[in-house]
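Biologist: I would like to learn how to read salt bridges. Please take me through some cases.

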Amino acid sequence: MRGQSSAGGVFAAVDIGASSGRVMLGRVTGGRAGLEKAVSLETVHRFPNGVVELDGGLHWDFDALFEEVLTGLAAAAETAAASGERIASIGIDTWAVDYGLVDPAGALRAQPFSYRDERGRTAVADVHKVLDPARLYATTGLQFLQFNTLYQLATEPELLGVQALLIPDLIAFRLTGQRRTEATNASTTGLFDAVAGEWATEFFKALGLHKNLFPAIIQPGETIGTLLQEVAARTGLPQETTVVAVGSHDTASAVAAVPAQQEDFAYISSGTWSLVGVELDNPVLEETSRLANFTNERGVDGTIRYLRNVGGLWLLSECQRTWAAEGHRQDLAALLESAAALPTGGPQINADDPAFIAPDNMPERIRSAVRAGGAVLPDRPAAVVRCILDSLAAAYARTLARAEELSGKQTSVVHIVGGGSQNRLLCQLTADATGKTVVAGPVEATALGNVLVQARAAGVVTGGLSGLRALGRASVGLESYEPGLVDQSPYGHRPVAPQSPSIN
């Protein structure tokens with residue numbers, strides 16, 4: 001029996017992305033008799049996620065998603081109980097901007113729309129007639145994306161009598177019956193004041209939205225509530241189990257787990273999308289920042305995630321999906337090896353082009369974009385993969401250089417976290433393109449950041465973000481990539497030894 005020491009704790013992290021989700025157990029151990037604290041993660045349940053077509057639009061099947069959450073929490077409870085452990089709390093993170101509308105009784109009006117649906121684009125012009133983009137940015141500091149929450153809301157036929165709950169908040173509501181809006185995700189809506197850290201109520205009025213459309217804001221580390229009786233019965237968890245707000249925007253949790261040893265770092269949260277930026281104390285709200293389309297989103301402990309949303313590994317996964325549907329399933333490791341063997345200087349695309357947002361025959365859309373630029377991309381999958389990764393690395397380099405210029409923060413190292421940190425070719429190409437050392441890992445940065453915030457809320461660990469990051473750094477294996485080594489196998493990477501945390 002492992003048992004649960006007062007020096008440690010066990011936490012459940014519900015971590016859901018646009019293509020898959022997982023429920024993980026995070027264990028904080030050590031801290032006594034000379035043992036350093038460390039965090040271990042165990043996946044107890046994985047499940048697919050994706051958009052579904054309903055009534056002519058792209059939606060999330062939230063009811064099915066919530067069933068998977070309950071299944072995962074039941075698996076977490078069973079796994080913990082088998083080791084004589086008790087789950088202290090639950091934290092939830094997902095993608096941003098999307099929401100569900102619930103009535104006073106708590107019923108969901110319809111399955112939530114996906115940001116990949118085109119409806120937001122149709123409302124942009126109407127919103128900008130009421131709220132000038134410069135005025136919006138000066139208050140919210142939010143990057144313009146056609147699927148931002150305020151544009152989606154503008155397409156809703158009727159909002160009286162309902163509340164909007166962002167996806168992680170909607171899950172928390174189904175678990176606890178409590179309605180809250182967590183701050184890091186609120187900052188992605190286009191209705192959040194980046195300086196005040198509260199709802200920009202004047203924008204609600206200008207857009208004809210009632211002031212209580214969203215619930216009150218809660219900060220990472222605060223308790224949302226305890227489990228409803230029916231949830232406790234379904235999962236086998238005690239009803240007094242708390243649901244704790246974490247960085248519920250998955251990028252906020254991922255950035256909280258960036259294993260930086262110094263402040264002059266940049267980060268790339270690499271997954272379906274790539275979130276590329278730096279961490280600041282205050283937002284950058286100047287017009288030059290707006291024109292560069294950078295965003296100021298809240299991070300854990302009131303930090304600012306100054307970043308730009310750029311293309312991501314959605315391009316690669318969609319290509320794989322298309323090839324598989326055509327009967328040519330491609331092994332990713334073999335694809336990357338073949339792509340690495342291709343010469344540098346091949347054709348590139350604009351990985352940020354909105355033309356790549358929706359699903360459908362991604363390889364042909366990429367080849368078409370290359371042709372439109374006056375080049376030719378061979379039909380071989382390896383050539384398409386190399387084009388994607390070269391294009392992403394170039395986009396990362398451009399974005400980081402601009403972030404440094406606009407924020408005045410110079411960086412010496414780039415941390416790549418998330419699924420993309422496993423892609424050695426992408427990491428090496430990023431080191432070459434940026435001219436900076438790249439440190440890759442952790443892969444499960446989002447779940448790790450989720451658990452770290454829960455552990456601090458429970459008093460199992462103490463300190464600020466630097467302390468949480470030190471604990472995370474001591475808990476995972478990292479890889480380092482130096483610029484200029486792309487032609488050397490295996491892409492010039494070397495292991496980085498874990499560092500001891502400075503947490504009591």
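Biologist: How do the side chains of Glu 364 and Arg 367 meet?

Modeller: Side chains of opposite charge can pair when their charged atoms come close. A salt bridge is a side-chain nitrogen of Lys or Arg within 4 Å of a carboxyl oxygen of Asp or Glu. Glu 364 and Arg 367 form one, with 3.3 Å from N to O. This is a predicted model, in which local features need pLDDT of at least 70 and side-chain atom pairs count only at pLDDT 80 or more, while totals for chains, interfaces and linings use all residues. Residues are numbered from 1 along each chain as its sequence is written, and side-chain values use heavy atoms, leaving out hydrogens and water.

Biologist: Where do Glu 364 and Arg 367 lie in helix α13?

Modeller: Helices (H or I, at least four residues) and strands (E, at least two) are DSSP runs, numbered from the N terminus. In helix α13 (residues 362-372), the two are three residues apart, so about one helical turn separates them. Salt bridges with shared partners join Glu 364, Arg 367, Arg 371 and Asp 379 into one network.

Biologist: Is Arg 367 buried or exposed?

Modeller: Buried means under 20% relative accessible area, exposed over 50%, partly exposed in between (1.4 Å probe, protein chains only). Arg 367, at 13%, is buried, and Glu 364, at 30%, is partly exposed.

Biologist: Which residue forms a salt bridge with Glu 444?

Modeller: Arg 46 does, with the closest N and O atoms 3.1 Å apart. Arg 46 is in strand β3 (residues 38-48) and Glu 444 in the loop between β18 (437-440) and α16 (445-457), 398 residues apart.
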